[in-house]
Amino acid sequence: MDQFLQQLVNGLSLGSIYALVALGYTMVYGIIKLINFAHGDVYMIGAYTAYWVTTYFGLSFLPALLVCMVVCGLLGVLIERIAYKPLRKAPRITALITAIGVSYVIEYTTQFFMGTSVRTYPPLLPNQSWTFGPITITYLQFVIFSVTLVLCVLLTLIIQKTKIGRAMRAVSADENAAKLMGISVDNTISFTFFLGSALAGAAGILVGIYYNSATPLMGMVPGLKAFVAAVFGGIGSIPGAMVGGLFIGICETLVTAYGNSMYRDAIVYGILILVLIIRPAGLFGKAEKEKV
Amino acid sequence: MAMLDVKDLHVHYGAIEALKGVSLKVEPGQIVSLIGANGAGKTSLLQAISGIVKKSGGEVVFEDDSIYKVSPRKIVSSGLVQVPEGRHVFPGLSVYENLMMGAYLRKDKQGINEDLKKIYERFPILEKRKNQDASTLSGGEQQMLAMGRALMAKPKLLLLDEPSMGLAPILVKEIFSIIKDINEAGTTILLVEQNARMALQIADYAYVMETGNVALEGPASELASSKAVQEAYLGGA
């Protein structure tokens, strides 16, 4: 039981990171109905940005976090403007294939400039931990929880309470009607990419510190898992992405702890298959009716 | 000087020509009705005026300025606002949030609040349901919401696309009397309707469209009594 609780804590911290990445998938899907497969690579760029600004500019954790979020946010906007905007009226599959292409471009451009070697970080956070009965929480885990919590609350406030958040929901509900209200659909989509990619940037620095490494291909597998988390929660649903991320993180950690770590990826993809068979709309998703 | 002046407007969807050179005028303070069968191009015309559909020739002038190449955003802020066919309220947003989307481009907080109050007075049901998801409203309530939302943009000219579509007869009457009220309060109206009888009753001037062209035009009362219109759109005399 004690070990179970400890593993739960570990799973929640891994899951928080998945949740941050999953939010970007779900927001972008919500507004332009695109699975942005380059999203995992934005998160990788976040980890590299963190490596750069902490190693070469000596930034401490919080400023580095902010820089990562801004850099990734802008990268997201750039990707949308260059790669997806010209395809907005094209069939969905065209944009999807483009997203895969963008993913490769980012991965191999990074590899070209940074090489394949693993980059490690200078120590950014105190090597401290607290013990509550059977559970030990490291300083890093505490930071992951707090950053995720703060960002999720901020995101929810932006989406629910601000004018631009309302515009995001309006565009995602009915693009043409939104235009008739005078909402600039392009700007709203850019803003959505900025928010989603900034969250991926935050996840990038957190995971970089967690595993103390950054590599050009590090975004692929976590990106896919975060995608599974978004589908599990119901793609397009913000709370769904949060819950889905935590759930996937916990499943993966528990399988590693109690089963066989060989199956930790298999269990995630297994969940994807089960969701698609049993409830394709996901936990919080609404079944979409095909428009004729 | 006409408030809205559409001259020889063309719209193509691929190889199909939806508007084949439509000309129409709306004078300030009027209600102008546009009637015609399904597929005549009425909705295409409104979408083209609002800048949602690409125009392929002609000219559109609103209050002395050409809006032929202007973005929908600028068209709305200049005071030309549309209530689209099929209401298109935003599901997932509350009634209040839907109304506020109408005021998206406005910065005058006080004016927005005053207009919100007026809209709640005009449509008490919207105030009662203000925190409800817009998609839970009935068809008539959604039409009122769509109209209230457009009024929040402070339109000088309101384009209404089939406001009575799919509503029970008693509601149709109510919607038309609201349209009349809105007009009397100072908003000019261009109304597209299938319900030709009602549309001609409240209008000052009317146009009849047939397959991408204006087939007939004239003062609404004259059109209502013309034999051709009666036979084609009013189900005989």
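Reader: In what order do the six strands of the open sheet in chain B lie, and how do I read the pairing?

Author: Strands of a sheet pair through backbone hydrogen bonds, either parallel or antiparallel. In this predicted model, the order in chain B is 6-7-8-3-9-10, with mixed pairing. Strands are DSSP runs of E, at least two residues long, while helices are runs of H or I of at least four residues, both numbered from the N terminus. Two strands pair if DSSP finds at least two bridges between them.

Reader: Which strands of chain B stand at the edges?

Author: Strand 6 (80–83) and strand 10 (213–219) of chain B do; each has a single partner strand, so one side of each is left without a neighbour in the sheet. From one strand to the next, the twist averages 15°.

Reader: In what sense do strand 3 and strand 9 of chain B pair?

Author: Strand 3 (residues 31–36) and strand 9 (residues 205–210) of chain B are parallel, joined over five bridges. Within this pair, B:Ser33 faces B:Ala206 of strand 9.

Reader: Which strands of chain B does helix 1 lie across?

Author: Helix 1 (residues 42–50) of chain B lies across strand 3, strand 6, strand 7 (157–161), strand 8 (188–193) and strand 9, at about 145° to strand 7 of chain B. Helix 6 (residues 139–151) of chain B also packs on the sheet, where it touches strand 6 and strand 7, and its direction makes about 170° with that of strand 6. Angles run from 0 to 180 degrees between N-to-C directions, with axes fitted to C-alpha atoms, for helices over the stretch in contact. Contact here means C-beta atoms, placed from the backbone, within 7 Å.

Reader: How many residues does each chain give to the contact between chain A and chain B?

Author: Chain A gives 14 residues and chain B gives 19 residues. On the side of chain A, the largest share, five residues, comes from helix 6 of chain A. That side divides into seven nonpolar, three polar and four charged residues. Here Ala, Val, Leu, Ile, Met, Phe, Trp, Tyr, Cys and Pro count as nonpolar, Asp, Glu, Lys and Arg as charged, and the others, Gly among them, as polar.

Reader: How many helices and strands are there in chain A?

Author: Chain A has eleven helices and two strands.

Reader: And the numbering and confidence limits?

Author: Residues are numbered from 1 along each chain as its sequence is written, and chains are lettered from A and ligands numbered from 1 in the order in which they are written. In this predicted model, local features need pLDDT of at least 70 and side-chain atom pairs count only at pLDDT 80 or more, whereas totals for chains, interfaces and linings use all residues.

Note on methods. Two residues are in contact if their C-beta atoms, placed from the backbone, lie within 7 Å.
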